[in-house]
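Here is a brisk report on one structure. Look it over first, then read on.

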Amino acid sequence: MTNGWIDIKNTDMMLIMGGNPAENHPCGFKWPVEAKRERNAKMIVVDPRFTRTAAVADKFLQIRAGADIAFLGGMINYALENQRIAKEYLVNYTNASFVIKEGFKLPDDGLYSGYDHDKQTYDKSTWNYEGAGAHQAPSGKASQSGEAPAPPLAPRQAPPPPSLPPNVIYDTSLAHPRCVYQLLKQQYSRYTPEMVERITGIPKDQFREAADMFTSVRKDGDMKKVATIIYAVGWTQHSFGAQIIRAAAMLQLLLGNIGRAGGGVNALRGHSNIQGATDVAGIFDSLPGYLKVPNPTDKDFAAWMTRITPGSSKPKDWDSFNYYSNTPKFAVSFLKSMYGDAATKQNDWAFDYLPKVDREYSWVHIWDDMYQGKVKGVLSFGMNSVAIGPNSQKTINALKKADWLVVCEIYPDETSEFWKSPGISTDDMKNIPTEVYRLPGAGFAEKDGTFVNSARWLQWKWAAVPPPGDCQLDQAILARIFLKVRELYQKEGGKFPDPILNLTWNHLDPNNPSLSELAKELNGRAISDVTDAPTQTTMKAGQQLPGFSWLRDDGSTSCGNWIWCGSWTEAGALTQRRGTDDPSGLGIYPNWAWSWPMNRRVLYNRASCDLNGKPWDPDRRQVWWNEAQKKWLGVDVPDFKPDSAPKDHMGPFIMNPEGVGRLFVPLAGMADGPFPEHYEPFESPVANLFHPQQNTNPVVKKYTSDMDKYGTPDQGFTVICTTYRLTEHYHYWTKNNPMNVQLVPQMFVEIPVELAADLGIKGGEKVKVSSARGTYIAKAMVTRRIKPMTIDGKKVYQIGIPIHQGYRGIQEDAGRESKTLANLLSPTVTDPNAYTPEFKGFLVKLEKA
Amino acid sequence: MSNGTLEIKAISGHAGPVAGRDTSRDYDVCKLIDVTTCIGCKACEVACLEWNGYPFRETVFDNTYQTMPDLAWNYYNLIRFNEHVAEDGTFSWLMRKDGCMHCADPGCLLACPADGAIVQYANGIVDFNQDNCIGCQYCVTGCPFNIPKFNHETKKVHKCTLCSDRVGAGLEPACIKACPTGCLHFGSKDDMKDLADKRVKQLHEHTSHKSAGVYDPPGVGGTHVIYVLHDIDHPQYYGGLPKDPRVPLLVRIWKGPLKWLGNFAIAAGVIAAATHFVRYGPKKVEEPKKEEVV
Amino acid sequence: MSTAAATHYVSSDAIQRYTFHERVMHWLNALAYTYCLATGLAFYTPHLFWLAVMLGGAPTSRFWHPILGIGFFIAMIWMHVVWRSDMEITETDKRFLSNVEDYATNRDDRVPPQEKYNGGQKLYYWLMYYGTFLLLFSGLFLWFPEYISFSLAWVRHLMIVLHEVAALITIGGFIVHVYMSVFLVPGSTDAMIHGSVSRAWARTHHRLWYIRVTGGDPVGKE
């Protein structure tokens, strides 16, 4: 979330789409309700189903699953056509005025300029700003104190990737035909209400009403009101998921809603600590704090830094903080925390110890590799591998080929019992060689540590009860595995033992490191005395650092995750704070826990002020420029250079090298285009109306094994299916809890009344849903909450499946469930940016079972 | 009872007045259910079960999100899910937390013959005391909301207590505590009415729910559980909420005139017989012949 | 007294009025009815709730009331099988009923002679007979209200009132019955206990029956 849960109460307008917070975040949903009750905020819900959220919405639109970009593109078009935009914000805080290079082409035919049909990738060199003068090395402003200059390129090495021009040509009149604003207009002029209706199935009048309602916050140029966009995995789980979220961000930039209390683009996290997992590198292509992981072209530390440290890229009269110019400080401090004294300047801060990621290692890819026999074993902790990924049968078959599987769980789950999943006979079991180890883990209430919530708060929690019986904390299990591995390396050597042998492991109890030790390590400390030049204050060696501005690239600081620096300082664990004072009334609660970065509750909050540093809405003022003190002050922590005067025109989006928000994402930012374009889901019952010859995302990731099958309407797969969770259940866990089972005893398939009538299905009867990959059986819930849709004149049905069925659980064990996983149906197709599978919107066939 | 919070002002099946009859408290308690902000998450259902210590039960899928078709003796709190299509085609998914309404004029208490099986506290809570319950289920008959439920094994009737134990100790009911969206409120009846009226005004002025209203039915003297409904004209859409609930007329006749008439008739009959005896005495047997009596 | 009673019992003068079978039947019927009456009254008015307490507690009373109600019904049907023919209303009864005021004021000499049961007794019989059906019918609804859906709640309301009205009517008859048999007509209770009445009693109260069972006009003939 750019903002936070509580901040939603400050909004005037909500677009909830690609998420069902009432269902999946009922506790957080109190804030949307509060906004409705206290501010008369309006709530627009767009979803394939009439959801629990829709039940309390002011306006509900039923959309065809996967048509989100068409809808949001239509919204952008509506805002532009009707001038419901924040002009001053747009010109000064976004790249609307930036001029794009000649040769850049919009995807009228479904493809941006630079597409390579053979490799199915883009050459993105035209996706760039027009620069004045020659391009400079990208790391022009990067802090390289004492660094040796990058070595000259080896002759065989490819030319350096194109970089952003330091000096961007721009036109604040927004009239230049190649400026971002004009391209944007041109791109989305195609997304007319008529087109929106034909693609999404939302009648154009209803669409206009919703668009009018949402953009009404900028009616007549008023800047006081604020709108928020709230989403969850209903957006991410598409083969163009990242672009949907981009479209939302663009709409919010157009309306000037980002950085403001009650505004923002707000991702609702579906698990209690999923934000924390991504913060500490739950993704293969990043290191903790979203530092980009090294790849094989990074020959040494400097080359890596050169590649990942951006130089600022801005109009010459503007300023850009370009905070990522500090990347080397974060990277060195990270390596110091990993390898301690073994990371020295001489050995390039132990850069060689870091794995170099040569290609994609995303979830679906890992299992494909295992299915291809390349991955021999897996540690499955804190998840149910077989159940959570797409195409469960492929995962099960992959596990059959593995040598070993370690599952740490609190229940017997589908993964540890993959070898007796439905369809496997006793004889078959004998032929499965996989050695399965089931380790008794501890439940969330049995552990301490932090949860990072959607609002980026690091909240410490205390263990409520000790783990029962032989159950162990995760860190105790992992520590013992690590210590054993290290012992083996010590005894037997190996190809490259150094990263293992030199890993810092300074724990009071090496067999069971305490999470407070780890939290302090993640925050970071001074290795030798460090002095802050402006304030002339010093942190002594060994002291916990108060924030990431103290990090150094000379080895004098250590920090496991730079964005968390400041969470456990000399003042103690700020994550354990429980202060309930809220002096501003904006729900900031500055002394409750700690939110990254630097306890800021709303990101980019400089954008909540006009060019002169005055809040757009004085009633919801978050930060402001104090001319007398020459300083930014605020009720929230200013997300800005504290002494940058408004006249310097420093952009509020300090993490971008441009300093401004990106309507147009240049270069490698997005794999599939600088602007979002509507593509059909990989399995779709209709052709792409904009460009039938380029139906789906041109750079979509798909797989080619014999288990990776994709269906078409011609094969009889004509019904759109989407999957989701229920309030009453939590993934595949709660089917073991009688309380949850009581509330929803059996899984079901939600079927429109009309489709059920066509097929002669009555509520409560068993139905069979099949895709090209598998079959799911459950009872029919015949409902009016999903209506048949008309897509470009064609009748299209959608059905929905809650994901909570498995083959272990109270009802499953009692023989009252069909023991089919919802993900037996879903396809191994992923978004090319985030590698998230397309769980929302694939094709199935529906029959009576 | 020393605790004023739970002072009793009415007792079922009780001869004579009740100690707390004329007590007036500064405020009655009241639960406000703002149906327009209910998301049907069922937290209240679970909180209710857990507070009352009832076991989780086996339920059966029934083509709905609703946990089960009806309340049960050990399930006081059920969200009723209803799909409703208005005449103009507008669809709504209505979720209403169903449970005892704690009527000011409780039909259950009126109908109950068992001394002390049902009490009404001065704060408005209507509570069942199973120790005194005789299992006749007249309360079921007296209730216009279909709330009390019978346990076949113990032959006792149960219903929501409005957490009289918690309220007596100065806490809010368990469902209120668990509600995540603030759809449930608890406080004095005046405050809740006020809050409900404000919400209704807001719904009228700022939303499309022009017929929103407060459900505090006067037919039962008002209730200590009140609803804000989107459509006050059609409470029946919300899973059978009666439009104008009243203690059934026949129950009123039964417990009112008929009872007194019957009492009078019985007493009069007995008195008449006695009077007759005094006036006329026993009938004599004619003795036709002396010799016949030996 | 004891001598007199004993004398009376063995007296050759005695006429059997009720067989042993009839007496058992009557008293079972009476017992069931009285139990239902007492417990029913306890449920009916708080002022008589103590009756249920005395009878083992209100929950117990609620448990047995409907079961003994069934017992009462069975006894009534039994009675009907045995007494139905005796209880048919005849011209004689109509004459009796038209002179009931004389009967009620003990001017029995003005009352026409009666069969084994006079018109009043027969009326009481039929009142109890039909009342039993009403009580059973309405009582079943009160016994198992949980099986009546809420949409048919009016049925429960109606049945409660019906049960009550039926009960009150039988109670009215019952008061008269007890008063007359215990107080107003000495020898009646005795008859239902021992089975026989004196000739004089029979002749006085049920002359036609007396004539029928003794074979002629008794007055001075024997």
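The contact between the chains draws 30 residues from chain A and 27 residues from chain B. Two residues are in contact if their C-beta atoms, placed from the backbone, lie within 7 Å. This is a predicted model, in which local features need pLDDT of at least 70, side-chain atom pairs count only at pLDDT 80 or more, and totals for chains, interfaces and linings use all residues. Residues are numbered from 1 along each chain as its sequence is written, while chains are lettered from A and ligands numbered from 1 in the order in which they are written.

**The chain B side.** Four elements of chain B each supply at least two residues to the side that touches chain A: α1 (43–52), β3 (78–85), β4 (91–98) and α6 (189–206). β4(B) gives the most, with 3 residues. Helices (H or I, at least four residues) and strands (E, at least two) are DSSP runs, numbered from the N terminus.

Ala, Val, Leu, Ile, Met, Phe, Trp, Tyr, Cys and Pro count as nonpolar, Asp, Glu, Lys and Arg as charged, and the others, Gly among them, as polar.

| Class on the chain B side | Count |
|---|---|
| Nonpolar | 12 residues |
| Polar | 11 residues |

**Chain B overall.** Chain B has 8 helices and 11 strands. Its C-alpha trace spans about 105 × 45 × 40 Å along the principal axes. Buried residues (20 or more other C-beta atoms within 10 Å of their own) make up 45% of the 294 residues in chain B. Among contacts in chain B between residues at least 6 apart in sequence, 63% join residues at least 24 apart.

**A helix pair in chain A.** Helix α6 (residues 193–200) of chain A packs against helix α7 (residues 204–215) of chain A at an angle of about 115°, and their axes are 8 Å apart. Axes are lines fitted to C-alpha atoms, for helices over the stretch in contact, and angles run from 0 to 180 degrees between N-to-C directions. α6(A) and α7(A) are therefore roughly perpendicular to each other (65 to 115 degrees). Pro193(A), Glu194(A), Val196(A) and Glu197(A) in α6(A) meet Lys204(A), Phe207(A) and Arg208(A) in α7(A). By class, this contact has 3 nonpolar, no polar and 4 charged residues.

**One residue in chain A.** Ile366(A) lies in helix α13 (residues 363–371) of chain A. Leaving out residues up to four places away in sequence, Ile366(A) touches Tyr361(A) and Val375(A).

Key. Angles under 35 degrees count as roughly parallel, over 145 as roughly antiparallel, 65 to 115 as roughly perpendicular and the rest as oblique. A residue is buried if 20 or more other C-beta atoms lie within 10 Å of its own, exposed if 12 or fewer, and partly exposed in between; C-beta atoms are placed from the backbone.
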